[in-house]
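Hi,

Here's the model I said I'd pass along. Have a look at it first, and then read my notes on the interface below.

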Amino acid sequence: MIPTSSVMIVSAILFVLGLVGVLIRRNALVIFMSIELMLNAANLAFVGAARGLGSMDGQLFAFFVMTVAAAEAAVGLAIIIALFRKRRSTDVDGASQLKW
Amino acid sequence: MSGRELAFWADAIIAIMTALVVILHRNPVVSALSLVAHLCSVAVFFLLLDATFLFAVQIILYAGAIMVLFLFVVMLVDPAGEGVAGRIGRAQMAITLGGSLVLLLAMGRGAAAMTAGSPAAADLPAGYGGIKSLGRLLFTEYLFPFEVASILLLVAMIGALYMGRREAD
């Protein structure tokens, strides 16, 4: 059987990789993909915990996280397209009009 | 070490490698394609953890629908790729990696506390992870979150249409 602790460790590694991606990249699209990495790591932790406890509630939570991820992808990509129309670039360092 | 555990660690290596390519490659198209591979490896994790329905949903919804959307936008906005990593200072990089490592160790330590034995496959309730038991739970105990999710999707759809419309000038 796969121990729950190994699932959690792999999930933590994947989450941190996504976090590092958000922090070091400047391309809005790649930052977005890194957010997807973090969401998937959280899903993995949910499913691993559900398996460890022998209940299905964790899988339901992973299911809802997927729904939110789909909604987030649609809105976020629309924002990136709007940003690109305005600035001809997806560099997040350049998009600082709201900063005084 | 059982065969399932061996498959788990092999898949973990694939998942971590593809995640590294996603965050480090300078071409966003390669990042997106590597993300597809990563999502498939996470689907295999779900299969190994007896979540058969989530395995199917992960492939269809994530690796299918969401990634098509991603690739479409990557192709639409200049695929040559700007904003390459490497323009950041060394100090910033060191702080990021050091902080992440501390976070990772803390999480690993917390996970090590959860070493209680998980039930064997034979001890799981019948139909565990299948569409029938998941659907029953979804429409009884989790009916309210389910309805809220439908409203969320509607709002997201309207928001995406509004954000993506052409500027009237």
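Let's start with the charges: between chain A and chain B the count is 1 salt bridge, meaning a side-chain nitrogen of Lys or Arg within 4 Å of a carboxyl oxygen of Asp or Glu. Before going on, some ground rules: this is a predicted model, where local features need pLDDT of at least 70 and side-chain atom pairs count only at pLDDT 80 or more, while totals for chains, interfaces and linings use all residues. Residues are numbered from 1 along each chain as its sequence is written, chains are lettered from A and ligands numbered from 1 in the order in which they are written, and side-chain values use heavy atoms, with hydrogens and water left out.

So who makes that bridge? R51(A) pairs with D50(B), and their closest N and O atoms are 2.6 Å apart. Searching the whole structure gives 2 salt bridges over all chains. R51(A) sits in helix α2 of chain A and D50(B) in the loop between α2 (28-48) and α3 of chain B, so this pair joins two chains. Helices here are DSSP runs (H or I, at least four residues; strands would be E, at least two), numbered from the N terminus. Both R51(A) and D50(B) are buried, that is, under 20% relative accessible area, with exposed being over 50% and partly exposed in between (1.4 Å probe, protein chains only).

D50(B) has another partner, R4(B), with the closest N and O atoms 3.4 Å apart. That pair links distant parts of the chain: R4(B) is in helix α1 (residues 3-24) of chain B, 46 residues from D50(B). R4(B) counts as partly exposed, because its relative accessibility is 30%, whereas D50(B) is down at 15%. One for your backbone checks: D50(B) has a positive phi of about 65°, although it is not a glycine.

Now the interface as a whole. In contact (heavy atoms within 4.5 Å) are 71 residues of chain A and 88 residues of chain B. The buried area is about 7100 Å², with carbon and sulfur atoms giving 77% of it; that is the accessible area (1.4 Å probe) the two parts lose on being put together, summed over both. On the chain A side, I2(A), M33(A) and R51(A) lose the most area to chain B, together 11% of what that side buries.

There are also 10 residue pairs in polar contact across the interface, both residues at pLDDT 80 or more. A polar contact is a pair of N or O atoms within 3.5 Å; within protein, one must be able to donate a hydrogen and the other to accept it, and residues adjacent in sequence count only if both atoms are side-chain atoms. The elements giving two or more residues to chain A's side are α1 (4-24), α2 (28-53) and α3 (57-87) of chain A, and α3(A) gives the most, with 25 residues.

Last, Q58(B), found in helix α3 (residues 52-76) of chain B. Q58(B) is buried, at a relative accessible area of 0%. Leaving aside neighbours within four places in sequence, its contacts include N40(A) and M66(A) from chain A, and L39(B) and F46(B) from chain B.

Cheers
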